[in-house]
Amino acid sequence: MTNEEIKTKEKQLLMMVGDFTRDNIDEEYTELCCNLVKKLGRKHDVPFKRGRLEIWASAVVYAIGQINFLFDKSFEPYLTPDDICNYFNTKKSTVSSKAKTIRDILKLEYYDEEFSTQKMVGNNPFNNFVMTEEGIIVPTSMLFEEKSFLDLLEEQIGLDKEIIKETLVEAFIEKKENTDEKEVENFIKVLTSPIPEEDDDTLQAISSVLDDLVPIADEEDDIEFFEDYVIDEDNPLETIEDYQRAIDLFRSTKGEEYFEEHKGYFWGMLETRPFMMHLLEQSMLLWDAGQKDRAVSQLQYLLELNPNDNQGVRYILMSRLLELDRLDEAQELFDFYDEEYSADWLFSKLFLSIKNNEDKDIIYKLYEEAVEENEFIVPFLVGKKKIPNVLPSYYSPGDEDEAIIYVDLAQRAWKKNKKAIKMLKKFNK
């Protein structure tokens with residue numbers, strides 16, 4: 001295809017997304033979607049030179065909408081995937097796949113600097129963090145808010161600073177002989193005043209007291225820090241109890257108010273990610289150990305903390321719910337993530353429809369949609385092919401690796417249901 005032909009397609013695509021967003025969303029979305037089309041048009045291999053422009057137009061709006069919560073009823077503006085696909089006469093499964101292609105090409109994520117709405121930019125949780133000259137990410141409050149030594153200790157230790165102050169003052173009096181009232185008052189003033197930037201004598205005096213008060217731990221000390229439990233491939237946690245100690249330590253260190261305050265966007269805070277990973281890993285161990293209800297509850301809690309689900313928890317949870325015949329909860333999960341149209345989701349929806357004994361025409365339509373998204377899954381489920389012993393570390397939508405990862409997770413539930421396997425074999429002839 002010549003450059004002139006590509007430019008003609010680009011103009012048509014710009015007109016299509018522009019007409020839709022102006023009439024159905026707003027001018028800000030029009031600008032973002034048009035900028036995205038132009039950026040795709042500057043790629044060495046322009047993606048929209050192949051395929052129907054209606055699908056690409058749908059996918060452009062879909063991709064921008066996904067990273068800006070367009071499909072979330074609690075946000076404004078709000079639109080559904082059906083609104084987009086019905087306008088362009090396209091299939092949601094195809095559009096969802098194309099939108100993912102766009103996000104992968106341009107590395108689009110939530111709070112993307114170039115393609116986020118102004119509202120999203122303003123709500124970015126990372127606005128409250130900065131990177132120091134040493135390359136450390138810290139809250140802006142640590143750099144710009146004047147804090148006393150007691151304030152910092154209260155944050156780190158988790159005890160009331162009045163208790164810390166009393167303990168430090170007692171240690172100061174015990175350490176110095178013939179301490180008069182004036183010296184104690186000066187020491188308290190040092191503890192409660194903003195920390196001087198270049199007062200080495202004061203800092204050394206405080207450090208000297210702390211050295212005596214909290215000696216450096218030796219090998220026999222049993223002092224735990226959450227940093228001891230972060231994900232470490234060279235020294236992984238191996239048991240349910242290992243993970244529980246780490247989970248409890250993080251909870252006790254942060255306190256319940258911390259969890260309530262940040263529930264809903266937990267993954268967006270970098271310090272929470274090891275904790276979230278521990279919860280997920282422990283849920284897998286719990287499931288394998290037969291503690292299945294507890295494992296499911298833990299997965300549901302992870303989604304409460306982070307509904308955006310950067311960890312892919314919903315896919316694991318859906319397979320668990322279907323295996324346990326907790327069908328009402330499975331339907332609720334489908335309803336919550338109603339914009340999801342991955343192969344994993346479509347095959348799970350097909351399985352639920354079979355379990356619910358829905359009409360055969362409905363089941364077959366879901367089967368066609370699922371197979372269109374990934375044709376490799378059914379042969380694995382019905383036993384025509386075996387999944388390898390070593391699972392792939394990554395996959396692309398629609399490829400065999402995606403099928404292997406899904407079947408490894410879901411095959412026990414499918415194979416327990418003879419009716420489901422029989423129907424797959426019949427449809428697959």
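Is C85 buried or exposed? At 2% relative accessibility, C85 counts as buried (buried means under 20% relative accessible area, exposed over 50%, partly exposed in between, with a 1.4 Å probe and protein chains only).

This is a predicted model, where local features need pLDDT of at least 70 and side-chain atom pairs count only at pLDDT 80 or more, while totals for chains, interfaces and linings use all residues. Residues are numbered from 1 along each chain as its sequence is written, and side-chain values use heavy atoms, with hydrogens and water left out.

**View 1. The whole chain.** The protein chain has 22 helices and 2 strands (DSSP runs numbered from the N terminus: helices are H or I with at least four residues, strands E with at least two). Out of its 429 residues, 42% count as buried.

View 2. Look along residues 327-336: here L327, A330, L333 and F334 are buried. They sit on the same side of α17 because they cover an arc of only 115 degrees around the axis (the arc is that of the directions from the helix axis to the C-beta atoms). An α-helix has 3.6 residues a turn, so residues three or four places apart point the same way. Turned away from the buried side, D328, E332 and F336 are exposed.

**View 3. The neighbours of α17.** The buried residues of α17 pack against α15 (292-305), α16 (313-323) and α18 (343-355) (contact means heavy atoms within 4.5 Å).

View 4. Searching the whole structure turns up 0 disulfides (a disulfide is a pair of cysteine sulfur atoms within 2.5 Å). Take C34: its sulfur lies 7.0 Å from the closest cysteine sulfur, in C33, too far for a bond. C34 also counts as buried, at 13% relative accessibility.
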